[in-house]
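Hi,

Here is the structure I said I would pass on to you. Have a look at it first, and then read on for what turned up.

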Amino acid sequence: MSDIFAHAIKHRSAIPALSTIQDRPLNETRPLSAVSPIYRLPTEILSSIFESFVFDMGECPWELVLVSRLWQETALGTQRLWTKILISSSPYRYKWHNLGGNIGQVWSDGAFQVCVTLDELDAAVARSGAAQLDVKITYLDYLTPTMGVMCSKILGKPVNDRLQKLCIDTESWLGSEVERLATYLESSYISLTVIELDTPTVWSNILLPRLLKVARHVRSFRGQIPLSLDVSIFDWKNLQSLDVRGMNSEHVFRRFCNRMQNLHALEGVPINWPNNLTPKMTFNFLSVVQLAVPSPRYLRQLSFPSLKRLDLKVSDTADLTGSSTWRLPSLIELNLDAEKIPGVSQWLSLTDMPGLQKLRLNVYGEDDSEQFPSSVHLPSVHSLSITTNSLMDTYFIDALSAMPSVSTVSISYRTGLYQPGGMRALLKRLLDTNSKVLCPNMTVVSFQGGRLALTDAREHLEFLIKRVVGSRSHLLKSFTVSWEHKWGRDPDVTEYVKRDGKKSAQSLHRALIYCWD
């Protein structure tokens with residue numbers, strides 16, 4: 001199948017070249033060889049490739065129609081390609097296609113067909129056959145009579161039973177128009193599992209209660225939850241994905257969070273949750289969570305036995321003394337943003353993450369004396385990324401020593417290196433053969449920083465980098481160093497990359513962009 005898909009991608013590159021001949025009859029358009037392997041594929045396999053083109057790559061199905069008569073017939077006969085429908089009052093912000101013939105001019109937004117008239121909507125619904133629909137109602141400056149009829153059609157019978165995902169953007173609407181749209185939500189939506197409301201809270205107060213009453217099988221919700229929502233109108237335990245990004249009321253969130261024990265993904269919760277009022281809770285199925293908390297102390301109120309990825313932003317980590325260990329037995333990826341350096345290491349030492357594989361630390365502050373805790377051992381981490389203001393080389397050395405399996409290392413300075421000789425101690429430690437080898441599996445290295453003294457880098461660091469590259473040529477694939485010019489000019493980049501798959505030191509070539517003046 002991979003070879004077949006490669007043929008599809010190869011032929012896709014011919015699509016732009018057809019723009020000058022797309023008005024010709026399709027039987028006169030021969031962009032592909034009739035003996036091309038893709039022409040010998042069964043229709044079912046070609047349809048599967050088309051679906052990957054549209055759904056995995058987010059491309060427009062109209063591009064396929066332009067290639068040949070065979071592709072047109074196959075694409076138009078594959079109903080699932082046409083299940084993404086966007087209703088808008090204006091087409092001019094979207095991509096234009098002139099197909100000629102019976103189809104004429106059409107517009108698209110990625111994989112979505114854009115409909116601005118009732119005829120276009122009727123044609124789009126017909127092309128999708130009986131397949132479930134992904135519908136967006138967006139960019140309506142106001143709800144014109146025509147738009148009202150279109151919304152009524154897509155939200156009413158018999159199309160209502162086919163709606164699988166519904167996204168509504170009413171950012172610029174008037175209250176009366178939102179209320180009018182809500183009147184169309186009278187049908188039962190038995191297939192609707194995903195709701196996204198890009199609306200102000202005041203409009204969510206109108207739309208969300210109506211939707212939750214008529215869509216009883218929703219599994220994923222993104223949008224604002226109003227203060228006045230009656231939490232009893234919906235069975236929240238069925239919800240598997242929740243994104244309430246921008247929600248400011250912890251009180252509202254606390255009212256229904258204990259009803260959502262079957263969540264698999266949680267994002268955008270209020271910045272002060274959990275807190276001292278949060279009861280102990282266990283989310284058995286949660287695999288992805290995004291939290292922003294003043295202090296991580298109360299995270300221990302929450303248990304995540306199946307959590308795979310944690311995105312955590314912490315503004316204060318200085319009050320963890322006496323805290324118990326927080327266990328995350330299944331965690332694979334941790335993205336930690338902290339405003340204060342001193343508490344980060346303490347938090348890491350109090351968190352048990354035996355299976356952690358990817359660690360990203362984004363730390364602020366100016367405390368360059370911070371030390372990585374010797375008690376932390378992360379044997380499974382293979383990717384480490386640190387962005388900082390002023391941490392010393394000793395911190396990086398200790399961190400890498402705690403991660404013996406690390407293969408990808410990225411270190412970035414946000415505002416500039418702390419001293420002209422930055423990175424020298426780390427590079428020397430990578431060369432040290434008298435101690436235990438640091439990062440024996442390292443394959444990709446990237447250092448980025450600002451205001452590194454260029455003369456020092458040229459005379460000292462470059463020599464050390466060459467030695468590191470040569471000593472680790474059997475595994476190293478790339479070693480990149482970039483820094484801003486000390487007078488604020490274009491950045492200099494030093495990159496060492498392996499060529500031709502060879503493993504000799506000579507096969508590691510240097511590509512330099514010099515800006516020494």
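Cys439 counts as buried because its relative accessibility is 1%, where buried means under 20% relative accessible area, exposed means over 50%, and partly exposed is anything in between (1.4 Å probe, protein chains only). You'll find Cys439 in the loop between α12 and β21 (444–449). The phi of Cys439 is near 55°, a positive value in a residue other than glycine. For background, most residues other than glycine have a negative phi, and most peptide bonds are trans.

Before going further, some housekeeping: this is a predicted model, in which local features need pLDDT of at least 70 and side-chain atom pairs count only at pLDDT 80 or more, while totals for chains, interfaces and linings use all residues. Residues are numbered from 1 along each chain as its sequence is written, and side-chain values use heavy atoms, with hydrogens and water left out.

Now the overall picture. The protein chain has 13 helices and 24 strands; these are DSSP runs numbered from the N terminus, with helices being H or I of at least four residues and strands E of at least two. Of its 517 residues, 50% are buried. Take the contacts in the chain with a separation of 6 or more: 62% of them are between residues 24 or more positions apart, contact meaning heavy atoms within 4.5 Å. The accessible surface is about 23500 Å², and carbon and sulfur atoms account for 51% of that (Shrake-Rupley method, 1.4 Å probe; for residues, only the protein chains shown count as cover).

Back to the loops. Ser407 sits in the one between α11 and β20 (408–413), and Ser407 is buried too, with a relative accessible area of 16%. Leaving out residues up to four places away in sequence, Ser407 touches His382, Asn441, Met442, Thr443 and Val444. Then there is Pro158, in the loop between α6 and β6. A cis peptide bond joins Lys157 to Pro158, with omega at about 0°.

Strand β6 (residues 163–169) holds Lys165, which is partly exposed at a relative accessible area of 23%. Lys165 and Ser220 are 55 residues apart along the chain, yet 9.3 Å separates their C-alpha atoms.

Finally, two helix pairs. Helix α5 (residues 118–127) and helix α6 (residues 145–155) cross at roughly 15°, and their axes come within 10 Å. So α5 is roughly parallel to α6 (angles under 35 degrees count as roughly parallel, over 145 as roughly antiparallel, 65 to 115 as roughly perpendicular and the rest as oblique). Axes here are lines fitted to C-alpha atoms, for helices over the stretch in contact, with angles running from 0 to 180 degrees between N-to-C directions. Leu118, Leu121, Asp122 and Val125 of α5 meet Val149, Met150, Lys153 and Ile154 of α6. By class, that contact has six nonpolar, no polar and two charged residues (Ala, Val, Leu, Ile, Met, Phe, Trp, Tyr, Cys and Pro are nonpolar; Asp, Glu, Lys and Arg are charged; the others, Gly among them, are polar).

In the other pair, helix α11 (residues 393–401) packs on helix α12 (residues 424–431) at about 35°, with the axes 8 Å apart. The contact is made by Asp393, Phe396, Ile397 and Leu400 of α11 with Arg424, Ala425, Leu426 and Arg429 of α12. Its classes are five nonpolar, no polar and three charged residues.

Cheers
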